[in-house]
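Subject: Structure handover

Hello,

Here is the structure for your files. My notes on what turned up in it follow below.

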Amino acid sequence: MKSRILKLTGGGGLKVKVNQKLKEKINESVQAVLPITSIVLLLSVTLIPLELSTVALFISGAFLLIMGMGFFQFGVEMSMIPLGEGIGSQLFKSKKLIVVVALCFAMGFIITVAEPDLQVLANQVASIPNEVLIYSVAFGVGIFLALAVLRILFHLSLSKLLIMFYIFLLLLSWVAPNEFVSVAFDAGGVTTGPITVPFIMALGIGLNASYHSQSQDSFGLVAFGSIGPIMIVLLLGIFYHPSEAIYEMSILPEVTTLNDVIQVFLIELPHYMK
């Protein structure tokens, strides 16, 4: 039995492969975070001098961001991509179209609520309650993910549908309040987040493999998903009239030692874990 396990894992090859994959993801995080970190530090020395405490918190946050993104992307690749492919390959086994549409909507809704980018965006828009914006964007992604699957089923033209919907978005942007237009198009970027993109693309691969459709039919899921948040937020701006909100600027705490830096992050950690 022991020799069989060693054979299956390649004599510890699985552990080596996992370590290599984790190292690869952390390196990708370094490449993504290091340029902007270097620019901010350069500006803090030349044009905009910052207090030493602020710089210490910034460097500590950048290090935690690199490690967190590395583990996060590693987890996404190990779990979300196989999950999306598995669901996509099993989805068409249901003969009821309403079941397929409902499941696609539910997956798009849930995966968007879990998207970290959307949480950050909601905190930046003070005039709309966080829950209203999050669930509205998630509703839009769910609706258009279901429409994208219907497009694959009925072999509809992707380019014609995208042109039609974006013309409608431009018309909506002229009617919607100006304050909501920029928020709406920023919300469209939610579907390019680290959770949504791997899952939706894996779902498209699974759908394409199980449905035996043409290879180009699996494209367009992310493009369709991006339309939903923009449209819903523009409609939200037309019909939803929030009360005037006061934006409170965050104040960084004063720190003098490394222990103070660690204490600040430990105090905030339970909030972000929640």
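His-155 sits in the loop that connects helix 6 to helix 7 (158-175); helices here are DSSP runs of H or I with at least four residues, strands are runs of E with at least two, and both are numbered from the N terminus. His-155 is not a glycine, yet its phi is positive, at about 55°. With a relative accessibility of 48%, His-155 counts as partly exposed (buried is under 20% relative accessible area, exposed is over 50%, and partly exposed is in between, with a 1.4 Å probe and protein chains only).

Two notes on the source. This is a predicted model, in which local features need pLDDT of at least 70 and side-chain atom pairs count only at pLDDT 80 or more, while totals for chains, interfaces and linings use all residues. Residues are numbered from 1 along each chain as its sequence is written, and side-chain values use heavy atoms, with hydrogens and water left out.

Overall make-up

The chain has 11 helices and zero strands. Along the sequence the pattern reads α-α-α-α-α-α-α-α-α-α-α. Of the 274 residues in the chain, 35% are buried.

Helix 6 (residues 130-154) and helix 10 (residues 221-239) have axes that come within 7 Å and cross at roughly 140°. Axes are lines fitted to C-alpha atoms, for helices over the stretch in contact, and the angles run from 0 to 180 degrees between N-to-C directions. Helix 6 and helix 10 are therefore oblique to each other (under 35 degrees is roughly parallel, over 145 roughly antiparallel, 65 to 115 roughly perpendicular, and the rest oblique). The crossing of helix 6 and helix 10 is right-handed, a term that applies if the near helix is turned clockwise from the far one by less than a right angle, with anticlockwise being left-handed.

For helix 3 and helix 11 (residues 258-273), the axes come within 10 Å and cross at roughly 55°. That angle makes helix 3 oblique to helix 11. Their crossing, too, is right-handed.

Phe-180 and Gly-237

Phe-180 belongs to helix 8 (residues 178-188). Its relative accessibility is 8%, so Phe-180 counts as buried. Phe-180 and Gly-237 are 57 residues apart along the chain, and their C-alpha atoms are separated by 5.7 Å.

Salt bridges

How many salt bridges does a search of the whole structure find? There are four, where a salt bridge is a side-chain nitrogen of Lys or Arg within 4 Å of a carboxyl oxygen of Asp or Glu.

One of them pairs Glu-24 with Lys-21, with 3.6 Å between the closest N and O atoms. Glu-24 and Lys-21 are three residues apart in helix 2, so about one helical turn separates them. Glu-24 is partly exposed at a relative accessible area of 35%, and Lys-21 is partly exposed at 23%.

Lys-21 also forms a salt bridge with Glu-77, the closest N and O atoms lying 3.0 Å apart. Glu-77 is in helix 3 and Lys-21 in helix 2, so this pair ties together parts that are 56 residues apart in sequence. Glu-77 is partly exposed, its relative accessible area being 25%.

Glu-77 forms a salt bridge with Lys-25 as well, at 2.6 Å between the closest N and O atoms. Since Lys-25 lies in helix 2 and Glu-77 in helix 3, the pair ties together parts 52 residues apart in sequence. Lys-25 is buried, with a relative accessible area of 9%. Through shared partners, salt bridges join Lys-21, Glu-24, Lys-25, Glu-28 and Glu-77 into one network.

Surface patch

Ile-36, Ile-39, Leu-43, Leu-47, Ile-48 and Leu-50 make a nonpolar surface patch of about 570 Å². Patches are made of residues with over 30% relative accessible area and no salt bridge, with like charges joined within 9 Å and nonpolar side chains (Val, Leu, Ile, Met, Phe, Trp, Tyr) within 5 Å. Accessible areas come from the Shrake-Rupley method with a 1.4 Å probe, and for residues only the protein chains shown count as cover. Leu-47 is placed in the loop between helix 2 (13-45) and helix 3 (52-91). At 66% relative accessibility, Leu-47 counts as exposed.

Regards
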